[in-house]
Amino acid sequence: MSFNRTARRGYRRWRLPLDRIALTLMAGLMVLAALLVLLGDHAGARVQQFSWQERSVGAENVAFTLTFTRPMDPDSVEANLQITPELPGRVSWAGRRLAYTLDAPIPYGESYAVVIPEARDRFADADDDMQFEPFEGTFQSRDRAIAYIGSEGEEAGRLMLTNFSQEAAALPLTSPDLQVLDFEPYPLGDRLLFSAIPAIEGDSATAPPAAELYAVATGLAPLPPEDTVNSDRTLSFAPGDAGTVTPILGSNGYQNLAFDLSPDGQTIVVQRVNQSNPADFGPWVITEDSDPRRLDTEPGGEFLIGPDSASLLMLQGQGTAVIPLDPDAAGTTGTEPLDFLPEFGRVFDITSDGTAAAMVNFNQNDPERRFIETLVLVTNQGEEAELLDATGSIISAEFDPTDRILYVLASDLLPSEDYQEQPFLAAIALTDEPQPLRLLNFPPQARVTMNVSPDGLAAILAVALSSDGDPTNEQVQTVLLPLFQTTEQRLAAIPTATEPNILPIAGRQPQWLP
């Protein structure tokens, strides 16, 4: 009898309402699982993540990725992938991720759409009714903008910004109280590093004040792709309202001379001389997270921070030394260069991967060529290739963003009783047999500066010329020079002579924002 009572009590417990609900839900889930196993997952494939969505893309961004929710049929995706305006490139796959690598740096000042109207799941049958969710993503390249030092009227001595993409009037970034001497843009174009002295009206018998270093916000705040933000080399980025000036380095008894900003924007090297003791002369290093410090090395001349942002190329003695900016990290003593190139007196530019540099040989060891300057391509393997001889001087040289072309400002010595040089701009395609191509000739005795745009499509030049030889009476023209006539020429790295455009801008040292 006790057994029967126990059974009845258990039976009544299983008939409680909560138990019935639980059993019903369990049975339903089992049926649903069985249906999924038998019928398969019919959720349509879609793009899960687009790495450039609503981002501002620069020349350093060479590829975007599309990540799908399911493995895709590559041919169907590639056949339907549309990029407007067109961006030539190539596709590669890694599982569910498509990578599209550009064949050339992205043109600035454009808005782009990436569309995939249809595609197929890799494992879908031919008659499968599974649908792909059409995808449309958008992004833009950075604005086409230049900065320059004004040379006329209210702009004289002030840093100016002209944004071609926004078709806005030139914007003054510094006040009339500062006379700007030199500047460099930060890597994302959000700020400009510049040296300046207080503006002095009229003639002054006293010595000019010492220059100080500042940073000024451009008002541009590009949102870079996450692969730029999360890369091993973090780019300095501190946007602000246009014209916001931040002091970087005062004089403190020193005269601040030439300076250079590292490619990542986190390190500044400035040449300083003690105003009370001229023998106290040499480079100082400023980083974002520490106070200025003297670089323990021999004094030198012109210098350039390497593309790794960790080394300095400086003219010392009869050659160029490669010096670590952080000797402790490099495992060297402060006075020990990493390398020394005895034949070369100037370094103009270094390729983005650090494998080659454009340098000048003054030919002092060759009596027959002592009055000729030679531009030489020097690789990190010790190989040297002479690119151009100048009977006047080699003024500057700059690699294009692909490192396949070297643009050179040089001059010819004119045959006349008076010493006169005629500057010219040449392009050298870095092939097995490089040949200089003259793009533009300038008037004799003109002072010219050049800067190649970050997308490699154009160069901006300032041409200063004085009718009486007095620099204070110079007239400055700003010239925009397209470097290619067709997309095919650009992809093949074949520069061509084009018609220059004179811009309504009067300014010195125009430079493109990165």
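The legends below describe close-up views of a predicted model. Local features need pLDDT of at least 70 and side-chain atom pairs count only at pLDDT 80 or more, while totals for chains, interfaces and linings use all residues. Residues are numbered from 1 along each chain as its sequence is written, and side-chain values use heavy atoms, with hydrogens and water left out.

**View 1. Salt bridge between Asp 103 and Arg 90.** A salt bridge here is a side-chain nitrogen of Lys or Arg within 4 Å of a carboxyl oxygen of Asp or Glu. The structure holds 12 salt bridges. In the pair shown, the closest N and O atoms of Asp 103 and Arg 90 are 3.0 Å apart. Asp 103 sits in the loop between β6 (97–102) and β7 (111–116) and Arg 90 in strand β5 (residues 89–94), so the pair ties together parts that are 13 residues apart in sequence. Strands (E, at least two residues) and helices (H or I, at least four residues) are DSSP runs, numbered from the N terminus. Asp 103 is partly exposed, at 36% relative accessibility. On this scale, buried means under 20% relative accessible area, exposed means over 50%, and partly exposed lies in between (1.4 Å probe, protein chains only).

**View 2. Salt bridge between Arg 294 and Asp 280.** The closest N and O atoms of this pair are 2.7 Å apart. Arg 294 belongs to strand β19 (residues 293–294) and Asp 280 to the loop between β17 (267–274) and β18 (281–287), so the pair ties together parts that are 14 residues apart in sequence. Arg 294 is partly exposed, with a relative accessible area of 40%, whereas Asp 280 is buried at 15%.

**View 3. Salt bridge between Arg 447 and Glu 474.** Here the closest N and O atoms are 2.6 Å apart. Arg 447 is in strand β32 (residues 447–452) and Glu 474 in the loop between β33 (458–465) and β34 (475–482), so the pair ties together parts that are 27 residues apart in sequence. The relative accessible area of Arg 447 is 47%, which counts as partly exposed.

View 4. Pockets and cavities are found on a 1 Å grid over the protein atoms alone: a cavity is a set of points where a 1.4 Å probe fits but cannot get out, a pocket is an open set with protein on both sides within 12 Å along at least five of seven lines, and lining residues have an atom within 4 Å of a point. Grid points are joined across faces, edges and corners, and a volume is the space filled by probe spheres set on the points. At least two lining residues come from each of β21 (311–316), β23 (339–341), β25 (356–361) and β26 (373–379). The largest share, 3 residues, is from β25. By class, the pocket lining has 10 nonpolar, 8 polar and 4 charged residues. Ala, Val, Leu, Ile, Met, Phe, Trp, Tyr, Cys and Pro count as nonpolar, Asp, Glu, Lys and Arg as charged, and the others, Gly among them, as polar.

**View 5. An open sheet of 4 strands in the order β2-β8-β7-β4.** Pairing in this sheet is mixed; two strands pair if DSSP finds at least two bridges between them. β2 (56–57) and β4 (82–84) are the edge strands, each with a single partner, so one side of each is left without a neighbour in the sheet. β4 and β7 run antiparallel and are joined by 3 bridges. Thr 84 has Ala 113 in β7 as its bridge partner.

**View 6. The largest cavity, with a volume of about 90 Å³.** The whole structure has 3 cavities of 30 Å³ or more. The lining of the largest cavity has 7 nonpolar, 2 polar and 5 charged residues. Domain 1 (47–140) and domain 2 (356–513) each supply at least three residues of this lining, the domain bounds coming from an automatic or database domain assignment.

**View 7. The second largest cavity, with about 50 Å³ of space.** Its lining residues include Glu 302, Phe 303, Leu 313, Thr 320 and Arg 346. β21 gives the most to this lining, with 3 residues.
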